[in-house]
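Open the model in a viewer and keep the selection panel at hand. The stops below say what to select next and what is there.

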Amino acid sequence: MKKRIKSLKLNNKGSGIVTVLIAVVFLTLMGSLLLMLAFTGFEMKSSDRAGKQNTYDASTAMDEIRVGIQEAVSKSVEDSYAYALNRYSEKGADIQSRFAQNFISSFEKSKIKGEKLIEKKDASSFLSYNLNALNGMIVNCRDGVAAVTTPEDKAEVVIDADNLKIVFKNVAVSYTNKGRTTTVSADINVAIPDIGYSLSQFTVSGVPSFTAIVGGNLKQDGTAASVTQISGGAYMNNLELKSNSRLVLNEGIFVCRNNADISGSYNTVGEEGAVEEGRMVVSAESTFWAKNIILRDLSAASFLGNTYIENDLDLAGGGSSVTLSGTYSGFGTGGEDGKDASKSSSIIVNGKNNKINLDGLSNLVLAGFGFVGESPIAASSEAHAPGVSPVQGNTNIKMGESLTVRENQKIYLVPDGYLNYVVRSGDIQNKTPSTNPDIFPDTDSFVKEEDGTYSINMGGKEYTVTLDTTKPLWTIDGKALNFASYNAQLKPVCMVASNQLVVYYFISFKNSPDGKTTADENANRYFKDYVLANPVQLNKYVSKYVTVSESQVASQTMGNFFVGSGNLTFRDYLSNSQSAAIRANSAQYEKYFSNICQTLSYNESSSNPDDNPFTYYINSEKITDELDGVQEFKDESGTTVALVVDGNYTYDETSSGDIHLIIATGNVSVKKNYEGLIFCNGDLNLDSNSSLSANSKEVEKSYAGEAKIGGEDRRIGDYFKIPIGESNNWGESSESGSGKSVASLVTYSNWKKN
């Protein structure tokens with residue numbers, strides 16, 4: 001028995017190995033478990049980081065959609081702003097309601113890259129947002145793909161006019177990267193602004209939303225019958241069109257500091273066989289500002305949006321035609337005294353066989369009068385004030401119409417038999433009939449005396465020429481009227497022709513001594529009474545020159561206005577209260593026009609009134625000092641995205657399509673389609689086969705372009721006097737006063753993440 005026990009003791013030597021094995025297995029299991037826990041924690045953290053990044057990227061895509069909607073809001077505010085300025089006499093809730101409806105109507109028509117923002121799917125009242133339009137707003141994805149995934153039947157747009165808001169319901173954006181998808185959703189709310197916001201806060205969209213800022217003239221002088229388009233807005237000193245191609249201005253604010261001079265014709269057959277006419281077309285989505293519009297022989301133009309003109313629409317050539325649609329506001333009232341012919345808005349017809357089509361015009365404002373100005377009869381001669389050499393002065397005679405034709409000038413010539421020559425010395429009054437005009441051998445034959453009378457030296461005698469204000473002109477409503485009835489006075493206009501002095505005797509008007517009628521009212525009344533007394537003669541004048549379409553347009557004109565051919569229909573001048581309203585509001589127009597001609601902002605002016613947007617924003621002196629010729633500016637990848645040029649530059653087939661910002665101190669010629677922004681201090685010459693379009697996002701990227709100049713790093717912004725980066729409203733209205741901005745009108749609600 002003892003031996004067996006001993007043998008059992010000998011066999012327990014393997015238990016240590018077993019124990020060790022068990023311990024190793026236990027430790028291995030513990031290590032694996034810890035490793036697994038660490039790896040799981042790492043995966044969870046990586047997943048969390050990826051999820052957060054996906055959420056960030058999805059949110060960024062949503063923000064881009066919000067910015068795209070803000071751009072549509074900005075355009076609608078612009079349209080409504082123009083609408084508000086045209087409603088001179090309306091006040092209170094009624095104008096606010098109309099303003100809101102105008103904003104809604106404009107917003108419903110908004111397009112993003114050619115895609116309608118809001119659609120009506122069927123005959124029901126259900127409005128939906130266009131998924132393609134929203135997807136087109138997403139441009140800055142990282143490595144993944146972002147897309148709007150809202151089901152079409154859930155993509156609803158609710159327009160609540162009562163509570164002044166528009167809601168994009170259930171906008172869902174999914175972002176997918178490396179197999180992981182994150183979705184964020186929200187309602188996007190658009191607050192419909194009140195009219196006070198529009199009038200006090202609206203500013204021209206930021207500089208990058210323009211496509212051309214031209215210190216000189218914008219010219220199109222191609223030879224081919226093609227169409228050139230400018231989309232996004234432009235500023236220019238003058239607009240010159242001289243070829244047989246068409247220029248179309250699309251979706252933007254276009255500012256012409258001086259004259260839009262249109263000559264040449266365009267006539268082709270469209271896709272559906274209809275004849276398309278129009279040398280120049282301003283689209284219904286555009287706003288056009290200018291000092292003057294001038295149409296030459298056989299030219300045609302259409303202004304279909306909101307048109308603001310400081311002085312005249314002048315049909316200077318024969319056989320020309322103009323179509324006015326949308327709104328037309330001639331806002332010049334003639335300066336402080338009403339006598340400045342260069343700022344008195346009217347429609348002037350100087351050529352024969354012209355047409356004015358008003359059928360699509362919703363509102364017409366002509367705040368000024370026609371004038372007999374330079375060269376009233378002989379277009380090749382130069383008019384000047386009596387007793388003053390021809391190059392030193394000019395006399396302008398205010399007429400009684402806001403729409404006038406050249407022949408109407410005869411209405412204001414003193415008829416034969418109403419002029420008297422009175423001997424200045426002696427008691428004998430020699431009354432001698434004169435002709436109108438008079439011709440004298442030299443400028444000393446006719447002088448203006450210090451007392452304001454006009455003296456003639458003839459046959460060794462000195463005469464005074466006077467107007468007979470007592471002799472009857474005509475009888476209206478049984479009452480004989482004379483020049484005194486209209487407070488008319490003599491106003492000669494002198495010209496030199498063939499080395500002789502030619503004097504035309506016109507009449508002008510003054511306020512009545514009792515203060516009951518103004519000079520403008522007297523001029524209006526004289527013209528209207530002339531028409532009543534001489535209808536056949538006036539129709540003869542008008543029918544040779546112009547046909548004005550019959551229209552129900554709401555007109556507000558300071559002078560008489562007529563439509564039709566053969567039988568004239570009068571639109572009488574306004575009452576004093578309405579005239580005062582026009583003058584008050586026209587002062588705002590004049591301020592806005594002056595500001596945008598300096599800074600492109602309605603609310604900001606330059607300290608230098610001679611500035612234009614090029615000289616206001618660009619530091620030409622620094623460009624000339626530091627650069628010689630063309631300097632390329634590149635982005636982080638080394639791609640040339642912008643050019644700064646000391647001198648002239650031509651953008652043609654050899655130029656990179658990655659260039660979206662060009663700044664030149666000289667002229668720029670464009671010979672292929674260009675997308676972006678061009679600053680030039682000289683002229684911008686457009687080939688007939690080229691078009692310009694704005695792209696604020698690409699301009700923003702180009703603004704960050706860099707170059708090495710003189711051993712130093714330079715950025716595009718170094719050559720701006722005033723930055724146009726994010727601190728200066730890239731495409732948004734400026735924040736001021738009440739702190740309102742376009743961004744504040746577009747907000748989120750019901751934000752969710754899945």
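Select Tyr589 first: with a relative accessible area of 0%, this residue is buried, since buried means under 20%. The model is predicted, and side-chain atom pairs count only at pLDDT 80 or more.

What kind of aromatic pair do Trp289 and Tyr589 form? The pair is tilted, with 6.2 Å centre to centre and 50 degrees between the planes. Now colour strand β19 (residues 287-295), which holds Trp289, and helix α8 (residues 576-599), which holds Tyr589. The two residues are 300 positions apart in sequence, so the pair ties together separate parts of the chain.

**A second ring pair**

Move to Trp474 and Tyr526. Their ring centres are 5.5 Å apart and the planes meet at 45 degrees, so this pair is tilted. Here too the pair links distant parts of the chain, 52 residues apart: Trp474 is in strand β37 (residues 474-476) and Tyr526 in helix α6 (residues 519-533). Trp474 is buried at a relative accessible area of 11%, and Tyr526 is buried at 2%.

**Strand β14 and its sheet**

Select residues 246-250, which make up strand β14. How many of the residues of β14 are buried? The number is 5 of the 5, so the strand is largely enclosed by the rest of the structure. In a regular strand the side chains alternate between the two faces of the sheet. In β14, Arg246, Val248 and Asn250 are on one side, Leu247 and Leu249 are on the other, and both faces are covered.

Next show the neighbours of β14. Strand β11 (residues 227-231) runs parallel to β14 and is joined to it by 5 bridges. Within this pairing, Gln229 stands opposite Val248, and Ile230 stands opposite Leu249. Strand β18 (residues 280-282) also runs parallel to β14, with 3 bridges between them. Leu249 stands opposite Val282 in β18.

Zoom out to show the whole sheet. It is an open sheet of 9 strands with parallel pairing, in the order β41-β26-β23-β20-β18-β14-β11-β53-β50. Its edge strands, β41 (546-548) and β50 (674-675), each pair on one side only.

Select residues 696-703, helix α11, and highlight the buried residues Val699, Ser702 and Tyr703. Turn the view until it looks down the axis of α11. The buried residues fall within an arc of 105 degrees, so they line one face of the helix. An α-helix has 3.6 residues a turn, so residues three or four places apart point the same way. What do the buried residues of α11 pack against? Show β46, β48 (661-664), β51 (677-680) and β55 (712-715) to see these partners.

Stay with β46 (residues 640-646) and select Ala642, which lies in that strand. Is Ala642 buried or exposed? Ala642 counts as buried, at 0% relative accessibility. Leaving out residues up to four places away in sequence, Ala642 touches Gln631, Glu632, Phe633, Ile659, Leu661, Ser702 and Ile716. Ser702, in this list of contacts, is also one of the buried residues of α11. For a distance label, pick Ala642 and Ser656: they are 14 residues apart in sequence and 9.9 Å apart, C-alpha to C-alpha.

**The whole chain**

Of its 754 residues, 51% count as buried. Among contacts with a separation of 6 or more, residues 24 or more positions apart account for 57%. On a surface display, the chain exposes about 34300 Å², of which carbon and sulfur atoms supply 49%.

Methods: Residues are numbered from 1 along each chain as its sequence is written. This is a predicted model: local features need pLDDT of at least 70, side-chain atom pairs count only at pLDDT 80 or more; totals for chains, interfaces and linings use all residues. Side-chain values use heavy atoms; hydrogens and water are left out. Buried means under 20% relative accessible area, exposed over 50%, partly exposed in between (1.4 Å probe, protein chains only). Contact means heavy atoms within 4.5 Å. Accessible areas come from the Shrake-Rupley method with a 1.4 Å probe; for residues, only the protein chains shown count as cover. Rings of Phe, Tyr and Trp (its six-membered ring) pair if their centres lie within 6.5 Å; planes under 30 degrees apart count as stacked, over 60 as edge-to-face and the rest as tilted. Helices (H or I, at least four residues) and strands (E, at least two) are DSSP runs, numbered from the N terminus. The arc is that of the directions from the helix axis to the C-beta atoms. Two strands pair if DSSP finds at least two bridges between them.
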